[in-house]
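I opened my notebook to look at a ligand site and at some backbone geometry. Here is the model I worked from.

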Amino acid sequence: MDKTHFNPASIFLHWLTFCVLVAIYVSIEVAINFERGSATRDIFSQLHFYLGITLLVITLFRLLMRALSHKPAISPEPTPLQNKISGLVHICIYALMLLVPIAGLALLNSAGKTLSIMGMELPPLIDTNRALTATLRERHAQLGGGLLALITAHSAAALFHHYVIKDNTIIRMLPHAKKHIGPAKG
Ligand code: HEM
Ligand code: HEM
């Protein structure tokens, strides 16, 4: 077993998460620039909703992979305080990647709307309650903003490890070719 890198599934899911999250933020920022009720706003909003639910599913897989797989050591080893802070940031990122889409779905349900996936309607998390919609929109946007702030700090820390400390933190999260063992063919 390769102990120098995260396993390929975790690496794939990490970078898939990155791409999906970029699309989630871009889609909603584009959507809200168009008038309510316009076809363009609806298309980008729907994209935001479906990508958000996709992220929720990806996050559940990531948590499963995290529980089942080995975490490669960083070399040289960071201080215990650095390990504690990064561990805490990762937990908060995971928590928000579950909480923000759930809040988004509840927000949609509060306005009397539901989402269907391949013809199957997702059960509403809450009953229609228009009095709650504005508060839920605000909370959903605030939590989404919090997630963005943590990801920015996380990415900056990863780049700091790579370019300033010059350790293997990022290398562990990058795809790598398997070394060929045995005599060369040909
Ligand atoms: C949408 C953006 C991102 C999200 C949501 C995200 C989330 C996460 C999470 C939750 C972990 C913990 C993995 C685990 O041990 O279970 C992690 C690890 C990691 N991420 Fe990201 N990440 C993002 C972007 C980035 C970027 C842009 C970089 C590089 C510049 C990066 C580099 C890393 C590295 C190196 C690790 C391993 C850290 C360690 O073992 O302490 N991530 N990421
Ligand atoms: C991690 C996933 C998600 C993130 C990071 C996220 C982020 C955001 C942000 C930042 C906004 C506020 C935009 C603004 O007003 O500036 C927003 C709005 C919204 N989001 Fe999400 N969201 C996610 C998932 C979802 C999901 C799964 C749903 C529904 C199924 C959803 C439904 C909504 C709705 C209805 C709005 C309000 C749009 C409007 O005012 O017209 N979001 N989201």
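My entries start with the ligand and then turn to the backbone.

**Ligand 2, the site.** I kept in mind that this is a predicted model. I looked up where ligand 2 sits and found it in the second largest pocket. I then asked which helices supply at least two residues each of the shell around ligand 2. They are α1 (8-31), α2 (39-68), α3 (80-110) and α4 (130-165). By class, I noted 14 nonpolar, 4 polar and 4 charged residues in that shell.

**Ligand 2, the contacts.** There are 22 residues around ligand 2, and those that come nearest are Arg41, His48, Leu55, Arg137 and His140. I checked polar atoms next. Arg41 places a polar side-chain atom 2.7 Å from an oxygen atom of the ligand. For Arg137, I read 3.1 Å between a side-chain N or O atom and a ligand oxygen atom.

**Backbone.** Most residues other than glycine have a negative phi, and most peptide bonds are trans. With that in hand, I went looking for exceptions.

- The Ser75 to Pro76 peptide bond is cis, with omega near -5 degrees; Pro76 lies in the loop between α2 and α3.
- Met118 has a positive phi, near 50 degrees, and belongs to the loop between β1 (116-117) and β2 (120-121). Its relative accessible area is 84%, so I logged Met118 as exposed.
- Lys166 also has a positive phi, near 60 degrees, in the segment after α4. Lys166 counts as exposed because its relative accessibility is 63%, over the 50% cut-off.

Conventions
Residues are numbered from 1 along each chain as its sequence is written. Chains are lettered from A and ligands numbered from 1 in the order in which they are written. This is a predicted model: local features need pLDDT of at least 70, side-chain atom pairs count only at pLDDT 80 or more; totals for chains, interfaces and linings use all residues. Side-chain values use heavy atoms; hydrogens and water are left out. A residue is near a molecule or strand if one of its heavy atoms lies within 4 Å of it. A polar contact is a pair of N or O atoms within 3.5 Å; within protein, one must be able to donate a hydrogen and the other to accept it, and residues adjacent in sequence count only if both atoms are side-chain atoms. On a 1 Å grid over the protein atoms alone, a cavity is a set of points where a 1.4 Å probe fits but cannot get out, and a pocket is an open set with protein on both sides within 12 Å along at least five of seven lines; lining residues have an atom within 4 Å of a point. A molecule sits in a cavity or pocket if more than half of its atoms lie within 2 Å of its grid points. Helices (H or I, at least four residues) and strands (E, at least two) are DSSP runs, numbered from the N terminus. Ala, Val, Leu, Ile, Met, Phe, Trp, Tyr, Cys and Pro count as nonpolar, Asp, Glu, Lys and Arg as charged, and the others, Gly among them, as polar. Buried means under 20% relative accessible area, exposed over 50%, partly exposed in between (1.4 Å probe, protein chains only).
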